[in-house]
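Here are a few notes from going through this model.

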Amino acid sequence: MAVAAAPAVVTVPPGHAAVSTHPTKTAPSSRTTSAQPSASVAASPAASPTGSASADQDGTPAAQVLALINQARATAGLPALTVTAGLETTSSAHNLLMADGCGLSHQCPGEPPIGDRETAAGIAWTAAGENIGEGGPVADTTAAIAAMAVGLTQSMLNEQPPNDGHRMNILSTTFTHIGIAVYRDSSGTVWLTQDFSN
């Protein structure tokens, strides 16, 4: 079983929403938040490594997810997303919170919203977004963990309008940077967080 939560998108100024077809509300920081209704995404169990993975290491689950994302962007005529340390920090921290009992959510109890997390990590942004997913259980092997993470991402790319917010984040013309975290918990569940910024 694998699922993905509705994507989160934050933009400044409000008129430049990356996912403009979804309702918006003003956040306390005067930034605008946009998210689509929750959707389930099924993915076949696949392999992926344990622990938090850095997308800049060849062969890691995060690197395989990045390769799939950038292949899809190239097919759509879009430039590749660049991995940044700040987004790797935000995605990894959020992934661990979800795995530690928060569950599949864009904002865990006591955690700032995505835009504030990116700002705290030193990212200067005017558009920020996040895709999350979880699935399993899978074996504690790099191959199994990577397969699940790639399967979740492929399910996001397979979304169809109007329920295609994850795909829209991945293929956004606004986003230029990404951080990807993949983590397998002790029960075998793989957690995936993709954080985006411009």
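1. Ground rules first: a salt bridge here is a side-chain nitrogen of Lys or Arg within 4 Å of a carboxyl oxygen of Asp or Glu. This is a predicted model, where local features need pLDDT of at least 70 and side-chain atom pairs count only at pLDDT 80 or more, while totals for chains, interfaces and linings use all residues. Residues are numbered from 1 along each chain as its sequence is written, and side-chain values use heavy atoms, leaving out hydrogens and water. By the salt-bridge rule the count comes to 4.

2. Have a look at Arg 117. Its side chain meets that of Glu 111 in a salt bridge at 3.4 Å, N to O. Glu 130 also forms a salt bridge with Arg 117, with the closest N and O atoms 2.7 Å apart. Helices (H or I, at least four residues) and strands (E, at least two) are DSSP runs, numbered from the N terminus.

3. How buried is this group? Buried means under 20% relative accessible area, exposed over 50%, and partly exposed in between, with a 1.4 Å probe and protein chains only. Glu 130 comes out at 0% and Arg 117 at 9%, so buried; Glu 111 is buried as well.

4. Arg 184 and Asp 140 form another salt bridge, at 3.9 Å, N to O. Arg 184 is in strand β6 (residues 177–184) and Asp 140 in the loop between β5 and α4, so the pair ties together parts 44 residues apart in sequence. Arg 184 is buried at 15%, whereas Asp 140 is partly exposed at 49%.

5. Glu 118, in helix α3 (residues 114–120), is one to check. Glu 118 is buried yet has no salt bridge, and the nearest side chain of opposite charge, Arg 117, is 7.0 Å away. For charges, Lys and Arg count as positive and Asp and Glu as negative, with His and the chain ends not counted.

6. On to the helices. The axes of α1 (residues 61–75) and α4 come within 8 Å and cross at roughly 25°; axes are lines fitted to C-alpha atoms, for helices over the stretch in contact, with angles from 0 to 180 degrees between N-to-C directions. α1 and α4 are therefore roughly parallel, as angles under 35 degrees count as such.

Definitions and conventions. Parallel < 35°, antiparallel > 145°, perpendicular 65-115°, else oblique.
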